[in-house]
Every structure is written in structure tokens, then in C-alpha cells.
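Let's walk through this model together, one part after another. Have the structure open and follow along.

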Amino acid sequence: MLRWIPALTLTLFLAPVAAGLIGTLLPSVGLMPVLGGTTLTLAAWRELAEWPGIGTSIRLSLTTGLAATAISLIIVFACCATCHGTRLFGTLRRLISPLLSVPHVAVAIGFAYLISPSGWIVRTISPWATGWDLPPDLATAPDQYGLTYIAALVVKEVPFLLLMTIAALGQTRAAETLSVSRSLGYGPATAWLKTVLPLVYPQIRLPVLAVLAFSTSAVDVALILAPSNPPPLAPLVLRWFNDPDLTRHFLAAAGASLQLAVVIVAVAIWYLLERVVVRAGRRWATGGDRGRWGGIGRRTSIGATTIVIFMGFMSLHGMAIWSLARRWRYPDVLPSEWTLGNWARQADSLAWPVWTTVSVGVAAALIALALVLGCLENEKRYGLQPTTRMLWLLYTPLLVPQVAFLFGGQVLLSWVGFAGTWPALVWSHLLFVLPYIFLSLTDPFRKLDERYIRSALCLGASPTRTFWQVKMPMLLRPVLVSLAVGFAVSVSQYLPTVFAGGGRYVTLTTEAVTLAAGADRRVVGVYVFLQAALPFVAFVIALGLPAWLYRDRRALRVAP
Amino acid sequence: MDRRRFRQAAFGAAVFVVGLISDIGIYPASADEAWNNVVASAKGQEVFWNAWGGDERINAYIAWVGDRVSAQYGVKLRHVKLSDTAEAVRKVLAEKAAGRNDGGSVDLIWINGENFKAMKGQKLLHGPFAKTLPNFSFVDVEDKPTTILDFTVPVDGYESPWGMAKLVFMYDTARLKTPPQSITGFLEFAKSNPSRFTYPAPPDFIGTTFLKQALYELTPTPDVLQKPAGDNFDAVTAPLWKFLEDMRPHQWRSGRSFPKNGPAQRQLLDDGEVEIAISFHPADASSAIANGLLPKTARTFVLDRGTIGNTHFVAIPFNARSKEGATVVANFLLSPEAQAHKQNPQIWGDDTVLAMGRLSPKDRELFDSLPRGVATLPPDKLGATLPEPHPSWMTRIEKSWLQQYGQ
């Protein structure tokens, strides 16, 4: 049974991606019998090439994706280089962790309000400092070049990349390397950049590529913050997909395939950039410069990280206040009338999306956990060596743009009459939940002291009993944390819910995106707040439960 | 003889009884009975109502409807919030293409105009059902002809009327003293108040209606709008495109971006980014004030030559899974209770489709007792109602607009 789990996992996991891609590629060359497409034709690609503004859309996808990834990575490395090992680093890390679990959409909606011309930032400085009695006519959110969009992506990606970097640092001999280079007279930041960065980067390359793929093909954040005429490619594909003219389906399929190509191009550009940086960096690293700009660099990077954290929190904070506002007009810094009515009125409408969000999130996280534990236990018992290739497979759903395979996946789901069902929804979320659960659980599982298990086996316990009675209790905290991570990932999913849910299932995230288009900011505030709160509650349970269960087991308690 | 007579009598009685029984089976049951069957089958059904979800007050009203039909009929109503009704049309169309002729994912659609024409034309609708609804008898088909003629297309019972809409404009008297009175007035307003005017981006229905309203006033031959658009499209709409091009540089964000829909523009009015918002509900401003969405100084205005009015409906797709449930909901929407609640400016402020004369005194009282709302124009100030152009105009205007401004 156990031996089959890795194969089962990969099938459950990769088959839909592969099938989805095929289901996207075939219609793009005219093959879709349901819509009368039975002959091979490139008509859809021609239509795509002639679509007004398609060039701008592609360029927007590429530039925003590459810029968001590069800026996030630079901030993360600058922060690590200048603060690694200091007490401030711990503080920044603790502050930034909660942002990781917040769905992208929640940040994007809050961010849009924060920086709009009549938004919170302008309100705090108007009219006394700016003289703006009325909001200025500035296109900020969204702006023409996608700068706001990039900024919102950076706010969300910096926490992720920072935590991945910290995890990678734990796997390298960073401290020793640093002290050797420091003793050779290198400044702290220079030492980090010259000696630790080359060790860390290969370890976080996959997460970086996942960030790049996401930023180049995001739909939900783009719907809220990206320019809309023309939009980046991914929201444009969704627009075609929703077009009542069914022949647009072929165009949408071609667009979705093009999106895959765009991501591949983005990755290729990234590889080139890596080469350039490596070549220049090697000369710099071996050039002997001990570093002079440490002080300024430190202040700048702490400043940038603080701005990211601040923007992230203020985005959510602004929407939380909106959910309690009755009247909040420009240029009031805070609402002039407060109320609990927004929450009371929404109670009924919230029940359905909250239930879907929670049930799908919990189910997907539990199934993913079972599969991951099965794989890891299998690996341990049969002494298998995990390979990098395996890790790449796991990352597949995060590297392939969602729109490219979910599109075809939906076609196949409808074909087998499975679309718009709860299991289909759970499955679609599983694809994205599983890699994250795997990432967060692998290390603690593999690092668990083998001697405990040996002792249990020597005492005559079966492997199964050892698993349940020794491993699980000892791993309770990482297991629960990984569940919370998985739940948070599920809560944030937009496109999988739209495609697999077929309009019969809505979650807080899909509702928030729909409502953000126009409806009442006070109500959107309620949705954004809940969206951010649910994963947070999951993490509180994940950290609190073991602490409470093991309150009288000193060795199982975690150092605070 | 006696025995034979008895047999004959017995035979006669038997025939009578059998006939009586078969009467029930063979002949169409009375309307009441048919309706009772619908209500009985509806019980326990889950109805997925695909309805535009851009306005929170409307969403709240739909949630209220859900409570009421759940309590009265045991129907579970799910509001699938759309950003464009075309999404629901697409879903049903895709299901038909895939051969899914029952168990479809859409049970009820909030619809009118070009989407109705498209669905009716492609036989995507269940029906005719509207006239089987007991509450349909209250509908004012004589004085509100748009309840049976939707954008010049005969309804034929394939959709059931829900509410009356009329284009109005909202502004804040604290900032704007004299609003424009005509479409050309908007251009002058925009020129003298740079970046203080905009309209929602089509295909949002408020944005499209604003374009049609402009077309009405600008074209020298508004009568042709009642017939399908043909080769005359370019000639008839030329003044409209010139008007939009003249206006563009003076618009909010220099006409480079547009609010996504009506409520988004109303938010801009409240934020002070623009001076005018557009709505389809004459009581919208009052309702927005009551709900804390606009300042107390907000008021409504209309245009001298009248504004476009129409009726919005609900329809049931041909492959709906819960047809009976959807029918029951459609009937409830026509009840005096639901219609009066909807017309209340504290709730939504959408005008009723019912004829007051057909209601019982008690039901009429529900409407008479409604407040008109401080920012709502009295009926005699609301101006003439212009009929909707044929849907083909809307479809083509949308397309041209998207080509010029959308990409």
C-alpha cells in the first residue's frame, strides 16, 4: 500500500496538469469537437496575433513579472546581507511571517485603496500638506505602466522569498562561512553577498522561478491592480474565456498557450540575467574589495523591508477599518461614522462562501498531508534518496501558468461531467496545496532523530505503530503548521475555484474579486478581513494546540 | 328485469366513477393544481441564481429573497455574483454545445436586452413560463409595455419581469450647483470642469446605456434605433463617436481609464473624484444616502429630452437543474411583498412592475406607505421615458467602443 503512494501522488498531481495542457493546446489549433472544431487550423493564432494591443499585453506580463521578481529578490538579499545574524533580523522575520499567509487578493484590494488618489495615504496628508481639497486626478491604481501592480506583487513575494531564504540558510554553513570572511576583513554585507549568496541562491532557485511564473501569469491581482486597457495576457485570456461568443474559446485557448510561452520566455530571460550577474559577480567577489557602503546599504535595505511590511499591514488595516465604517469620506483620515452593521448584514451572505472556503481548504490540506506523509514515510522505510528531479516535478503546478492548464482542465472536467462539483474543486486546490505542504514538512520529517524510531522498533513496535505513536506525536507541530500552510494556500486560490467550481462554488477569494469591481468598499472590507483572518486562525491553532497538549512535556515544547 | 336494470345502473355508476377518475388524469388539471405541483417539486431544490453582483444593496436584497423563499417554499437560493450577465449566457451556451441538456449549472438569470435576445434566439430558455406564475396577473402590461417587449423583442413568456429601470444621474449639490440638462451639456460641463466627468466602461450596462442615451440625442434620426442596425450603423452613430472623441481629453484620467461599473462611479462621486454618477434606479441617490454611500446633499437629475427606460427580468435556462425552484423564485419576485420591499429606498429603490389597480387594498398599502426618499425626483419631474433601441445597436456600439477605447 505504502509503496504505491508516491506513484498515486504523482498521478493525482501531474495527470491533471498534463491533461490540462493538452486540453488547452488542442483547441488552440482548432480541435474541439464540442464547438465544431474538427480540423487543424491556425486561425485562432492568427486572430491572436492580430488582436489590437496584444503586443502591449505580452510586454506588460513580461515586464511586471520580471520586475516584481527581481525587486523582491533584491530586497530579500539586501535585507539578509545587512541584517543576517542581528537581533533586528529576527524582528523583521517575525513581523513579515504573518503576511505570508494573507491571500494575494486581500493585499491587492487593500493596496489599491491605500494608494488611490482618494486613498488612505493621500487622505492622511490632505488637504493640510498638499492643498488637495479634492482628490488629484492621478492614475495610481491601476496606473498605465503597472507600477502599482508590481508593488503589490512585491509586498506579497518578499515575505515568501525571505522565509525561503531563511530556510535555505539553515541548510548551508552560513555562520561559519561568514565568520571566516569577516575575519579576512570583509564588511558584513559584503561578506554575505560574496560568500553566502552563492551558497543560498541555488537552494531557492525553484521558489524564485515559482514567483516569476506566478507574477508573469497572475490573474486575480491583475484584475484588481493591473492596467485594464489593454490588460496583461492572463486576465485577457480569462476575458476571452468568459466571452458569450463561444468561438472566442479557440482564441482563449491560443492565448492560454501563449501565456505558457511567455512564462518560458520570462524564465529564459531570468537565466540570462543570472548568467550576467554571475559573471559580473564572480569578478567582484574575487576582486578583493572589502566593501565600503555598508552603512548606507544597511539603512536602505532596512528601509525597503520596513516599507514592504508597512504597506502590507496598512493594506489590510485600511480594509479592516472600512468593514467597520458607515461613512468615511475624503479627506477624513478615519471614518466619521462607525458601525457593526456591515458585519451584521453580511452574516447571511457570508455563510456560503465561508463554508466552501473552509471545507475545501481543510479537505485539500488533509488529503495533501496524507499523501506527503505517505511519500516521506515510504522514502524513509525503503531508504530512498530524494532527487532534485522529484522536486522539480513537485513544483510543476507552481511553474506552469495556472491559466494554461486550468483552462484545458476545465474543458476535460466538463467533458466527464465532473465540473462544478465539490471533489473537483478540492482536487484543483490540491495541486497547489500539496507542493507547499511538502516543502514545509520535508525538513522536519527528514531531520527527526532516527534513534527514537530505532528504539521503538527494537522494543517490538510495528513500523505502523511507530509511525502513529512515536513519529506523529513528535512531529505534531510541523504537521499542524504544514496543514495551516496548505489551508492558507487553498484560501488564496482564485483561478482554480473559478474553473473547477463552474460558478456553483464560490469562496471568499472569488467573492472578494467580484465585489472589488464596484460594490461597496465597506463590504469588500468584510471579505478581505475574513480572507486574511481565516489562515491566521489556522496558524494560531497550529502553534497553540501542540503547546497546550504538551504543556507538561518539556522536551516536546518548542523554545519560544 | 330488475337485475338487468341494476346491472345497467351499476355499469353506469362505474363508468361515471371511472370517468371521474380519468378526468383528473386525462384532462389538464386546473391552473391552481399545476402550480401546486410546481411548488411541491420545488421544495428542497437548490436554485443557482446568476445575477450581476456589482451593487451591494441589490446583493443584500437577493439575500433577503433567499431567506423568504427558504422559509415559504423550502427553496435554497444561491446567488452567483456575475460581473457581466454575458458570463451566464456563455455558460448555458457551452453546456448546450457539450450536449448537457439537463442538470445545467444555471437555474435562474437576471437578464434583459441583448442577452435575452441572444438566449431566446438560440433556444437556450425554458418556457414560456411567465404567464403560469400566479403573481403575473398583477403585472402592469398595459401601462408598462416594456414588461412584454424587451428592447423591442417580444418576451413571449420566456422571461418574467422583475423591475422597472430608468436612466438618472446623481450629483452632490454641495459641490455642483447646476448639472447639465442634455448630452451636449455634458461635453460643455467636461470642458469647463476638466477630469470631473466619466462613464463606466462598456460592456457594463450603465456605460452602454449612457452611450445609447447620447446616440438618441445626437443622431438626427432616432426613429431608426427601433429597428435592427444594418448598413446604416456607421452613418447613424458617427455623431456619437465624434462626441466621445471630443469629450475624451476632458474626462477623468484623460479618458484613459474608466470606472468598472455604476457603483464604482458612485464611489468616485462620494470620494470627490468626479461630479456625476449614473444609475438605472430613480431612487438610487436616496437609497445610497440611506445606506451611507453618498452624502446627504446628493440629488438626482434627468435630461430635458427624457432618458432611456427599460424593464429587467429573470429567465430560466432550458437545461436548468431546478426549474421548479427557479419558477417559484420568479413568482415570489412578483409578489406584492417582494416588489414593495424592493421599491423601498432604504433597501434598493427599484420601481415595481405591478399595477397598483390590480392589487388588494392591503397590498397597495405596502406601496403607498413607502417613503419616496429625499433625493428622488417626483414622478412628474422624472421626464419622458425613451424606449430602448433594438439590441443590435447595443451589441455593435459595445464592439466599436471596445475597439476604440478598450484596447
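How many Å apart do the C-alpha centres of domain 1 of chain A and domain 2 of chain A lie? They are 24 Å apart, in a model that is predicted, where local features need pLDDT of at least 70, side-chain atom pairs count only at pLDDT 80 or more, and totals for chains, interfaces and linings use all residues. As for labels, residues are numbered from 1 along each chain as its sequence is written, while chains are lettered from A and ligands numbered from 1 in the order in which they are written.

Let's stay with chain A for now. Domain 1 is made of 1-41 + 342-560 and domain 2 of 52-339, with bounds that come from an automatic or database domain assignment. Where the two touch, 41 residues of domain 1 of chain A and 41 residues of domain 2 of chain A take part; being in contact means that the C-beta atoms of two residues, placed from the backbone, lie within 7 Å. On the domain 1 side, several helices supply at least two residues each, among them helix 1 (5-28), helix 15 (388-399) and helix 20 (476-492) of chain A. Helices here are DSSP runs of H or I with at least four residues, strands are runs of E with at least two, and both are numbered from the N terminus. Helix 23 of chain A provides the largest share of that side, twelve residues. Sorted by class, the domain 1 side has 29 nonpolar, ten polar and two charged residues. In this sorting, Ala, Val, Leu, Ile, Met, Phe, Trp, Tyr, Cys and Pro count as nonpolar, Asp, Glu, Lys and Arg as charged, and the others, Gly among them, as polar.

Now for the core. Nonpolar side chains in soluble globular proteins tend to be buried together. The largest nonpolar core in this model has 273 residues, and those with the most contacts inside it include Ile109(A), Leu225(A) and Val329(B). Such a core is a set of buried Ala, Val, Leu, Ile, Met, Phe, Trp, Tyr and Cys residues joined through C-beta atoms within 7 Å. A residue is buried if 20 or more other C-beta atoms lie within 10 Å of its own, exposed if 12 or fewer, and partly exposed in between, again with C-beta atoms placed from the backbone. Helix 17 (residues 422-447) of chain A gives this core its largest share, 15 residues. Pick out Ile109(A): setting aside neighbours within four places in sequence, its contacts are Ile224(A), Met319(A), Ala512(A), Ala516(A), Val524(A) and Val528(A).

Next, turn to where the chains meet. Here 42 residues of chain A are in contact with 46 residues of chain B. Strand 1 (325-327), helix 14 (341-381), helix 22 (508-516) and helix 23 (521-549) of chain A each bring at least two residues to chain A's side, and helix 14 of chain A gives the most, with four. That side is made up of 17 nonpolar, 13 polar and twelve charged residues.

Over in chain B, there are 14 helices and eleven strands, and the C-alpha atoms fill a box of roughly 105 × 50 × 35 Å along the principal axes. Of its 407 residues, 53% count as buried. Strand 1 (residues 46-52) of chain B is mostly covered, with six of its seven residues buried. Seven bridges join this strand to the parallel strand 2 (residues 76-82) of chain B; strands pair if DSSP finds at least two bridges between them. Asn50(B) stands opposite Val80(B) in strand 2 of chain B.

Finally, some backbone details. Most residues other than glycine have a negative phi, and most peptide bonds are trans. The bond from Gly127(B) to Pro128(B) is cis, with omega near 0 degrees, and another cis peptide bond joins Pro202(B) and Pro203(B), with omega about 10 degrees. Ser195(B), not a glycine, has a positive phi of about 60 degrees.
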